[in-house]
Amino acid sequence: MGHPNRRDLGLLVLRVGTGAVLAAHGTQKLLGWFGGGGIEGTTKAMEAMGFHPGRESAVAAGLGEAGGGALLALGLATPAAGAAAAGAMAGAVAVHAPAGFFAMAGGYEYPAFLGFTAAAIGLTGAGRYSLDHATGHVLDRPWVVLTAFLGTAIAAAAVVNRRAQYQASTDSDSDSEPGPDSGPEPESESEPA
């Protein structure tokens with residue numbers, strides 16, 4: 001291999017770029033930066049999207065994105081950072097999935113890309129130009145990779161499943177309730193008066 005540092009430089013660029021995007025999205029949710037709704041606006045949005053409880057969902061999504069993104073950019077606790085960001089993106093994918101794949105139509109293309117990229121970095125490691133490397137990889141061990149990704153997969157599946165169940169129950173409630181314009185059922189002409 002003629003250029004041993006190219007891989008590490010590539011990982012640095014990928015980590016910093018992906019981490020910065022994720023951190024920016026997370027700070028929109030948590031702090032209202034960059035035109036975001038802050039925790040109150042995000043809480044309302046989470047509830048409207050079917051995530052309950054809304055405030056806890058907003059905090060979890062914001063921390064997964066902001067914290068995971070910042071740690072990815074620094075290359076610190078990279079497996080946990082990648083797993084946390086990927087878990088947050090799994091929730092976003094669930095929200096956008098009904099619109100199909102492409103972001104242009106409101107689909108899940110963008111959050112899926114961010115999630116896969118964060119997961120790939122978490123699995124690959126941060127490379128030589130990282131705080132993980134500087135600290136002797138104390139937070140980047142095989143058991144951390146396994147624990148972080150397994151824990152995140154379980155948590156994300158539970159959250160997405162709970163959201164799906166909530167939406168199914170509200171859909172069935174709205175289907176069974178008469179609308180505001182509907183009056184009593186008209187009597188059939190064959191029924192005696």
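## Contacts and overall fold

Contact here means heavy atoms within 4.5 Å. Among contacts in the protein chain between residues at least 6 apart in sequence, 66% join residues at least 24 apart. The chain has 7 helices and 0 strands. Helices (H or I, at least four residues) and strands (E, at least two) are DSSP runs, numbered from the N terminus. From that end on, the elements run α-α-α-α-α-α-α.

Of the 193 residues of the protein chain, 34% count as buried. Buried means under 20% relative accessible area, exposed means over 50%, and partly exposed lies in between (1.4 Å probe, protein chains only).

## Model and confidence

This is a predicted model: local features need pLDDT of at least 70, side-chain atom pairs count only at pLDDT 80 or more, and totals for chains, interfaces and linings use all residues. Residues are numbered from 1 along each chain as its sequence is written, and side-chain values use heavy atoms, with hydrogens and water left out.

pLDDT is the predictor's confidence in each residue, from 0 to 100. Its mean over the protein chain is 90, and 88% of the residues reach 70 or more. Residues 182-193 stay under 50. For that stretch the model has 0 contacts beyond four places in sequence. Where pLDDT is low, the predicted coordinates should not be read in detail.

## The largest pocket

The largest pocket has a volume of about 760 Å³. Of the 35 residues that line this pocket, the closest to its centre are Met46, Ala61, Glu65, Ala88 and Ala92. Six helices are named as giving two or more residues to the lining: α1 (6-31), α2 (38-48), α3 (54-74), α4 (78-96), α5 (109-124) and α7 (142-176). α4 gives the most, with 8 residues. By class, the lining has 20 nonpolar, 11 polar and 4 charged residues. Ala, Val, Leu, Ile, Met, Phe, Trp, Tyr, Cys and Pro count as nonpolar, Asp, Glu, Lys and Arg as charged, and the others, Gly among them, as polar.

A pocket is found on a 1 Å grid over the protein atoms alone, as an open set of points where a 1.4 Å probe fits, with protein on both sides within 12 Å along at least five of seven lines. Lining residues have an atom within 4 Å of a point. Grid points are joined across faces, edges and corners, and a volume is the space filled by probe spheres set on the points.

α3 has 21 residues. It reaches 30 Å from its first C-alpha to its last, close to the 30 Å expected at 1.5 Å a residue. The expected span is 1.5 Å times one less than the number of residues. The buried residues of α3 include Ser57, Ala61, Glu65 and Leu72. They pack against α1, α2, α4 and α5. Ser57 has a relative accessible area of 13%, so it counts as buried. Leaving aside neighbours within four places in sequence, Ser57 is in contact with Met46, Phe51 and His52.

α4 has 19 residues, which should span 27 Å; its end C-alpha atoms are 27 Å apart, which agrees. Among its buried residues are Thr78, Pro79, Ala88, Met89 and Ala94.

## Loops and backbone angles

Phe34 and Gly36 are both in the loop between α1 and α2. Phe34 has phi near 55°, a positive value in a residue other than glycine. Phe34 is exposed, at 61% relative accessible area. Gly36 is partly exposed, at 24%. The C-alpha atoms of Gly36 and Gly26, 10 residues apart along the chain, are separated by 9.1 Å.

Pro53 is in the loop between α2 and α3. The peptide bond from His52 to Pro53 is cis, with omega near 0°. Just after α3, Gly75 takes a positive phi of about 70°. Ala77, in the loop between α3 and α4, has phi near 50°, again positive in a residue other than glycine. Ala77 counts as buried, at 12% relative accessibility.

## Tyr110 in α5

Tyr110 is found in helix α5. Its relative accessible area is 39%, so Tyr110 is partly exposed. Not counting residues up to four places away in sequence, Tyr110 touches Val21 and His25. The C-alpha atoms of Tyr110 and Met89 are 21 residues apart along the chain and separated by 9.2 Å.
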